[in-house]
Amino acid sequence: MSDAPDRSDSGDANDATDVDDASEAVDVADANDAAGPGELGAAETVAATDGPGDEPESNDSAVEEAAKHIPSGPPSGTPPLRVEGLVKRFGGVTAVDGASFEVESGSLTGLIGPNGAGKSTTFNCITGVHEPTAGKVYFEGEDITGLKPYQIARKGLVRTFQIARELAEMTVLENLMLAPQGQLGESAIRAVTPGLRGGVVEEETALRERAWETLEFFEIDHLAHEHAGNLSGGQRKLLEMARALMTDPEMVLLDEPLAGVNPTLEEKLLDRVHDLRADGYTFLLVEHDMDVIMNNCERVIVMHQGSVLAEGTGDEIRNDERVIEAYLGEDL
Amino acid sequence: MSDANAPDGSASGPSDGTSDPPESATAAVVEAARESDLGLVVGTLLAIYAAATLLTFTDGLNSVAGLMETLTFLGLVYALTALALNLQWGYTGLFNIGVAGFMAVGVYTMGMVVRSPDPAFGPPGLGLPLPVGIVAGMGMAALLGAVAALPALRLKADYLAIVTLGLSEIVRLSLQSSAFDNFLRDTIGAGTGGGRGMGMPDNPVRELFLVDGQAGTPTALGDPVFGVFGNGGLGISHPILIGWGYIAVLAAFLVAFYLILERLGRSPFGRTMKAIREDELVANSLGKDVNLVKIKVFVIGCALMGLAGILWFGSQGNVSPTPQFRPLLTFYVFIAVIIGGSGSNTGSVLGGIVFAAVLFEGPRRVGGTVRGLIDAETPPSFGDALVSLDPVTFLAYATDNIAPLQFVFLGLVLVFIIHRRPEGILGDRIETAAAVDLSERPTGGESDE
């Protein structure tokens, strides 16, 4: 099947077509799963076609114009994220109990599990919000266990939050311009001293442009001057993702990005994720909704009672006895 | 601000062709003033001056100039301190309720460094030049800020408030202690003067007008000024004229404070500050070293509070710990920031001026004037005043006891503001946190296809 009609159907007829073009040009292999989150069932056979070596550098310059900084990609062969024997205890409660998994470069990996399976705690341990009781987290081959959240973010691993945490009293544009790393004007001296401020202003001008382009990509540019606190729930989710991308990450952890989002916006969000993945970003997606995971992720990790129960393609997971048991009563 | 300069609203019509014409000429002036920050501040000052004139014009020009001088001085020093607090609390959300302590450290350090080693009375000092003293005062306040911030910022935000309040009281009580005074005299050769306080070094502004600060020997600058405005001319007393000279210095510092803080706010650093105020975890997750930024902000803010303390109390002749540096001072500064609208530098300046003139000094002056107009006996107690059922008697009682009643008034105003306009005068404005104009949309992005 040709993916072109599918994409224009799902892609809200907006002029972010450059990205669509680019992704078409890039990976025909990806086209099936990138096609339509709207098409339930069609993507069942998806993941198998997708090799681990989804090289970012195959993108053409049209994507670069979309103002997204394309990840340089990890050293070949190293999975961007590897979690080994992760344990997290809160007092007597063991929330994560020896979870181990890997996320492949350039993939969209789903992390599912019933309530209390330890998904969010795993996320928090990876991103430094919690310090793991035991176990190791490697990002691009480097041990990042126990680093502070800001240190992990600077390495190119950023996250969004389950409940959108917009900076309410800042405008949408300011929310985005906050994110880029290592801005000159983050030094108080540079921001104030007359001779040095010139460089800051110059950088800010470029940043403003990039922020506008990112807003256009997510189709929230009409909200640029609103206080982020005035946005709807779904718009906040878009803002969160846009903000995460402005940090110029290698990998993005999405913590239930679709919770409380209406179906139209959900499609838009998933479209963006697929576009970005085609550009070489790696995504790890925690989601409650099994259909979303099955239809969009080529690899699925199932957590249960704090450890990894099963790993595989959507089909493998769907037919896995243990998973069915864990989700007893749930419609897979 | 040209419009706002005209004290009489009806004089200047809506000359600027705005799209929707305001209802009246006064509204036009208010509109123009709102658009320009300087206009807003100058307009407020002029309104306060008009009220002051109304209150004292019967006593002659000297009284008018004197009252204006007092109000302006208080307005400016509150504005300076409010700006420093706004950086910490308004921008970054750091709840520092030890403002008084940091101001005390600033002014006391300055005094100890600058005072003569062998003074005629009071504790000895190090005898260094005034600029050294000012820098030392700011440095000491900054150092104390860092000492307070380092442990407190590791804890939850509220603990910073407790730590700073405690610290400010420790500072005050230490300065009051004669044991601490003696200890300092023995170790560094400069004392605090304990509970008696210490005299402040001569104000250099006074020496601009008078040779060696001696009354009766005007300098080349003082002579013409005294000639025109003083006894030879308008009849304004020399201390008031020198006071106005000092106000010019304060105004220069205020402008400098304001510009520095505006630049700091309108930068990526400012964005990070605001982000920390809004949601620390988000700032952290976006790669910002939250603790480092907080410490920087705290240290900068405390240094500015130290400087504000020097400019304020250093010009008052004598400082002593207890009446001046009680926690009450901190809360006054908080009220100024709240009135102006936390998070806005212009709001803080405005809040400082409005608080000092309208809430702090104004009621006392109005009360005194009103009492002078009433021909009635003052009843001995509030109960008697109430029982008399005579409004004139009650008013006589109220105006005679204006100092305590002023706090009731202050409380009512605060309740009103929190209820009706919690964001303060200017708190609803969007203070851009970027070094460039964000409303300007680059055209390049849209042509991209």
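Helices (H or I, at least four residues) and strands (E, at least two) are DSSP runs, numbered from the N terminus. The structure is a predicted model, in which local features need pLDDT of at least 70 and side-chain atom pairs count only at pLDDT 80 or more, while totals for chains, interfaces and linings use all residues. Residues are numbered from 1 along each chain as its sequence is written, and chains are lettered from A in the order in which they are written.

**Positive phi in chain A**
- A:Glu140 lies in the loop between strands S4 (134–139) and S5 (142–143) of chain A, and its phi is near 55°, a positive value in a residue other than glycine.
- A:Glu140 is buried, with 20 other C-beta atoms within 10 Å; buried denotes 20 or more such atoms, exposed 12 or fewer, and partly exposed in between, with C-beta atoms placed from the backbone.
- A:Glu256, in the loop between strand S7 (251–255) and helix H11 (263–278) of chain A, has a positive phi of about 45° and is buried, with 22 other C-beta atoms within 10 Å.

**Contact between chains A and B**
- The contact (C-beta atoms, placed from the backbone, within 7 Å) takes 42 residues from chain A and 36 residues from chain B.
- The largest share of the side of chain A that touches chain B, 10 residues, comes from H9(A).

**Helix H10 of chain B**
- The buried residues of H10(B) (residues 222–229) are B:Gly222, B:Val225, B:Phe226 and B:Phe229.
- They cover an arc (of the directions from the helix axis to the C-beta atoms) of only 95°, which puts them on the same side of H10(B).
- On the other side of H10(B), B:Gly227 and B:Val228 are exposed.

Definitions and conventions
Two residues are in contact if their C-beta atoms, placed from the backbone, lie within 7 Å.
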